Amino acid sequence: MCFKLFVLCLVKTTVLIKLTEAIPEINKDYDLMPQLFKFDDFYQCLYRQEDTSYCLVSIKLNPENPANTTKVWNVIKDVSSNTDNYRHDLLRHGLCLPNHCEHCSANFSQRVEQIYDEKFKNLGLVTTVDKIRCETKNSDYVVGKLDYILAILAASGFVFVVTLSFALELFKYQSSEKYDTFSKTGVGHILTCFSVSQNWKILTKINPKDYKSDFVPSMQGVRFICSVWIIYVHTAIVTLAIPLANPEYTEEAVHRVLTSYHSNGGVLVQIFFVLSSWLLVVSILEKLQKSKKITFGYLLVYIFGKYFRLIPLLALVVGLHSTWLVHYSRGPFWDDLVGEEYRICRQKWWLNLLFINNFFTSDGLCLIQSWYMAAEFQLFVLGSIILWLIQSKPRRILIICGAINLIFIVGLFCYLFWRNLEVGFKFTPEAMYNLSLSSNYEWNFSWTSTIMSVPGFAVGMCFGYVFWKYKEEKIFTKKSHILTVWILCLALVPLSVFTYTFYVYSGYYSNSRWFASIYGSVYKTIFSCGIGLMLFGMSQGLGGFLKKVFEYPLFHVMAQLSYGAFVVHFSIARVNAGLKMYPPLMADYVMFGDIIVTVSLSYLVSLFLTIFVQMPFTIMSKKMMFMLK
């Protein structure tokens, strides 16, 4: 034991020494190169000076004499050639420029090139303006008719819910018997769905004894923890999407375990697909057990009920991004983070409402995280149709879903090997900068494609059927069974998540076409099996302390807020980053603070939206399905 500790300390000390030795050389290289990010005072420029423009420019550096390059250019070229670094031959600056001045060209691009050519003349560098965008004191975004229409609709809806809730409470206070009678009528069924007090009671009243036999309480804890984890990953990405005072932080972050695992964080979303398909199977089998047959009409209403529950909150947030959010503030980073999504949402908002936006990702996504909602709804429709077709023989679920997963694995392996694609999407500094992901093939293929989410959904359907079949029977009766279950869970989940991180970012291995193809075709299936086995084990009474944690009553409440938090969290992260006036000095504790703010605000906003928007339509959908039963 002592020997192991000694070896571990020796290894850590050696690594620390090596890192310490490397720091002076890194700092020396950064001192040689021109400053990558530099921004003048935005408000000082536009609001305290007369006749000025604030210009965001991308300045391309080139050697003045390509045949005889300087040391500075050689360093820039060497650092920029590594995709783990920013392109230091492309400076990103914010400049305060007078609109008119003597001996200056009227063209801003030419004016900037003149300034920088003179500045870098001694370094043997010449410049060209790659991109420029200038702002004046008057914002380019004007409040229009669509903004006013959305504001009137949102305000009217809020006033309606508050007034109706107050009237219902007053009615209930005067005569609870008449209220109960009214609530059972057709109109009463609808109006009482908007009662804020009723929705609050439903949201917060958690009694473990009320759990149905077909429900797995651990799912709520898994859903909440997974949601927080995804918000954490997304906030970390947005935090690094803006210019930093120390860009080396982002360049070094991709080589650190704690900040690089999000490169394969898309696998975490498979948890939601497992839960969704699991509950779909259980719901359909429960219906079959009562009525023996599912009609096509019931299937359509069932699918519409799902759409009816998801769309109101999503439509509200998409509308906010298409109208008022861009008017909230201004700043040097505001347009790239908030304005760009505003322009995309104005053009493609209808794709989100039809849940087909993940098919049109080449020129950007309105609500970048909404690809999941589109893929999940599409697979929900597909899964519902499959279950309707095989309702007479539900045991075929295992055969069909197993065959789908096998075909997926073989087909994906062949495709990855043929195209020689990477295992997943690598979040390089340039890819994260301003969230420029839409042009990346791996992002569009590995993340947003519905096909790439088939493993989680198919595995979830299989475990949903197995859970239903054995919900009244204990099949893990021996200690060896229990031990095997937890060894598999603890092996499959970390193996599928972290293998890619260590493989790609450790630097000890070169890219392998065979590894990328094999791992890329099976890792989501392996991860989903680990999650499914863990949940099934908990439904059988296994898990001990971990089961108690996942079934903690507060998690049940937070899980119900997770959909709203998921929809709004990227907006909050964007606004938080876009409000910064200067490139921040980034450190782990600064990023952790941003993450805490985003998670907290996401769930607070979700609490409001869930009670006023989400729950009324969810309750109406459940009442509609109950009446059909």
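Four strands make an open sheet, and their order is E1-E3-E2-E4. The pairing is mixed. At the edges sit strand E1, residues 37–39, and strand E4, residues 125–135. Each of these pairs on one side only. From one strand to the next, the twist averages 25 degrees. Keep in mind that this is a predicted model.

Now the pairs, one at a time. Strands pair through backbone hydrogen bonds, in either the parallel or the antiparallel sense. Both senses turn up here, since the pairing in this sheet is mixed.

Take E1 and E3. They run parallel, joined by three bridges.

Next, E2 and E3. E2 covers residues 52–63 and E3 covers residues 90–98. These two run antiparallel, and nine bridges join them. Thr52 has Pro98 of E3 as its bridge partner. Cys55 is partnered with Leu95 in E3. Ser58 stands opposite Arg92, again in E3.

Then the other side of E2. How many bridges pair E2 with E4? Ten, in the antiparallel sense. One place to check is Pro63, which stands opposite Leu125 in E4.

Are these strands buried or exposed? E2 is mostly covered, with eleven of its twelve residues buried. In E3, eight of the nine residues are buried, so the rest of the structure largely encloses that strand.

What lies across the sheet? Helix H3, residues 71–80, lies across E2 and E4. Its direction is about 95 degrees to E2.

Let's step back to the whole chain. The protein chain holds 25 helices and four strands. It has 629 residues, and 50% of them count as buried. Look at contacts with a separation of 6 or more: 81% of those in the protein chain join residues 24 or more positions apart.

On to the core. In soluble globular proteins, nonpolar side chains tend to be buried together. Here the largest nonpolar core has 170 residues. Which residues have the most contacts inside this core? Trp278 and Leu314. The largest share of the core comes from helix H12, residues 270–291, which supplies twelve residues.

Stay with Leu314 for a moment. Leave aside residues up to four places away in sequence. Leu314 then touches Asn352, Phe355, Leu367, Met373, Tyr563 and Val567.

Helix H13 is residues 296–322, and helix H14 is residues 334–353. Their axes come within 9 Å and cross at roughly 160 degrees. Angles over 145 degrees count as roughly antiparallel, so H13 is roughly antiparallel to H14. The crossing of H13 past H14 is left-handed.

Who makes the contact? From H13 come Tyr307, Ile311, Leu314, Ala315, Val318, His321 and Ser322. From H14 come Glu341, Tyr342, Cys345, Arg346, Trp349, Asn352 and Leu353. Note Leu314 again: this H13 residue is in the helix contact, and it is one of the two with the most contacts inside the largest core. Asn352 also returns, as a residue of H14 in this contact and as one of those that Leu314 touches.

First, the mixed sheet, ordered E1-E3-E2-E4. Second, the 170-residue core with Trp278 and Leu314. Third, the left-handed crossing of H13 and H14.

Terms used: Residues numbered from 1 in each chain as written. Predicted model: local features only at pLDDT ≥ 70, side-chain atom pairs only at ≥ 80, totals over all residues. Heavy atoms only, no water. Axes fitted to C-alpha atoms, helices over the stretch in contact; angles between N-to-C directions. Contact = heavy atoms within 4.5 Å. Core = buried A, V, L, I, M, F, W, Y, C linked by side-chain atoms within 4.5 Å. Buried < 20%, exposed > 50% of the residue type's maximum accessible area, 1.4 Å probe, protein only. Parallel < 35°, antiparallel > 145°, perpendicular 65-115°, else oblique. Left-handed = near helix turned anticlockwise from the far one by under 90°.
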